[in-house]
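These are my notebook entries on one protein model. I record what I looked up, step by step.

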Amino acid sequence: MHANDYIFPTNFKWGAAASATQTEGSANDENKAKNIWDYWYQLNPERFHEGVGPMKTSDFYQRYTEDIKRMKAIHLNSFRTSISWSRLLPDGINVNGEAVSFYQKMFDQLIEHGIEPIVNLFHFDMPLLMQEKGGWESLEVVEAFNYYAHTAFELFGEKIKRWTTFNEPIVPVEMGYLNHYHYPCVVDMKRAVVVAYHSMLASAKVIQTYHESNQTGKIGIILNLTPSYPRSDTKGDVKAARIADLFFNRSFLDPSVYGSYPEELTELLRSYDLLPETNQEDLAIIKNNTVDFLGVNYYQPRRVKEREKPYQSDQILPEKFFESYIWPERRMNPYRGWEIYEKGIYDLAINIRDNYGNIPWYVAENGMGVENEERFSDESGMIQDDYRIEFYKEHLKWLHKAIREGSNCFGYHVWTFMDNWSWLNAYKNRYGLYRVDIRTQERSLKKSGQWFGDVARKNGF
Ligand code: BG6
């Protein structure tokens, strides 16, 4: 081995991530009920980039057989996606046989091709029926989610050995209840805190259900961890970073791994009368049902400073306690407007190693979005995305260093396998290893797909 080789542990998972609503299409199938995205698109199509909604996306529901062959062609040994709750249980109770057959066949084909499916249960796609009952604000929906999870375990548990309860539970909280971005477009900290707490309760209940049934796999959660860096080491800046970390990372990380909330967070919420209603029984469920592993999505860090500008809102929102800050050395993704900071992946790995019991974890998403990516195609039509190769390579080097230093990381998943539809951004930011022509649905390998396939085959680079 050369000094510059980055070879990963044996059996390392090289994969790609996706989610049901972003890829399946066939959203209007008569057997599938609406989720909040289908519904919201009907109400406000103009909210979605170029008016493109979740109806067709990349048509994985129809094309999975060919797509799985494409995964195999680039040597992936893992694929993480989600099940659509509103497709599997359109009325919340009765199973949709067509959906069962789709998921069974898709999982079987993955396994036949040596690709492990890692299956997530909730990726932002609340069934409309459940939103009408109050979404995550409602304990009835928490129970309904547990029922859905139980059904999924019974149906697919023999094939699926790694499950996750949620993808990025902060997103519905922040986007849906703090900044008027996702449906139901509420700005209300008190309600946001309830949504966050009930998500954790739902996750713990599902973990309990899994561990108490005859399942033989593992179950975890996927969190988007954003390392929180202070502007300086002054007391004010450090505190600002610590509070941002409490709100955006630790309010999910601590209950998931330790079954309890950081005291400083609880005290802070209490002092503003924002604590949700809890009871001993539910807190005990959270305490006793922690994750077997973590999935971590990493895109960019958070940089903050002590608040300097007067705080305007009459509500107590997280921003009351810090302001974002532009680091002078910041490097931006020129094609999407997010900071690129590769060392963040190392810092979060070391944080998990040192402060979260070195729990097994994997990178569930890491990727570089690019607007108008067609401009980078060559004469043959191949996207020459050297910028993305560079992005992966530099993140993988930091990840490799963390693993060498004892981090218990078992895999790396790019976001995403093929260009896909993304919530309000629709097809604005392209991330795929494969390009998708959204008019013809034709897929073609990008240069980064070729490169990543090589890395997967060699278990490093
Ligand atoms: C992640 C989500 O946070 O970011 C994905 O899990 C999403 O669902 C991805 O698609 C990229 O977001 P965007 O807005 O750049 O497409």
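Which residue in strand 4 does Asn120 stand opposite? I found that Asn120 stands opposite Thr164. I note that the model is predicted: local features need pLDDT of at least 70, side-chain atom pairs count only at pLDDT 80 or more, and totals for chains, interfaces and linings use all residues. Residues are numbered from 1 along each chain as its sequence is written.

Entry on the strands. I looked up strand 3 (residues 116-122) and strand 4 (residues 162-167), which run parallel and are joined by four bridges. Strands here are DSSP runs (E, at least two residues), as helices are (H or I, at least four), numbered from the N terminus. Two strands pair if DSSP finds at least two bridges between them. I then followed the barrel, which eight strands close in the order 1-2-3-4-5-7-10-12 with parallel pairing.

Entry on the helices. Helix 8 (residues 170-177) and helix 9 (residues 189-212) pack at about 160°, with axes 9 Å apart. Axes are lines fitted to C-alpha atoms, for helices over the stretch in contact, and angles run from 0 to 180 degrees between N-to-C directions. Helix 8 is therefore roughly antiparallel to helix 9 (the term covers angles over 145 degrees). I listed the contacts (C-beta atoms, placed from the backbone, within 7 Å): Pro172, Val173 and Tyr177 in helix 8 meet Arg191, Ala192, Val195 and Ala196 in helix 9.

Entry on helix 9 and the sheet. I saw that helix 9 lies across strand 3, strand 4 and strand 5 (218-224), running at about 165° to strand 4.

Key
Parallel < 35°, antiparallel > 145°, perpendicular 65-115°, else oblique. Contact = placed C-beta atoms within 7 Å.
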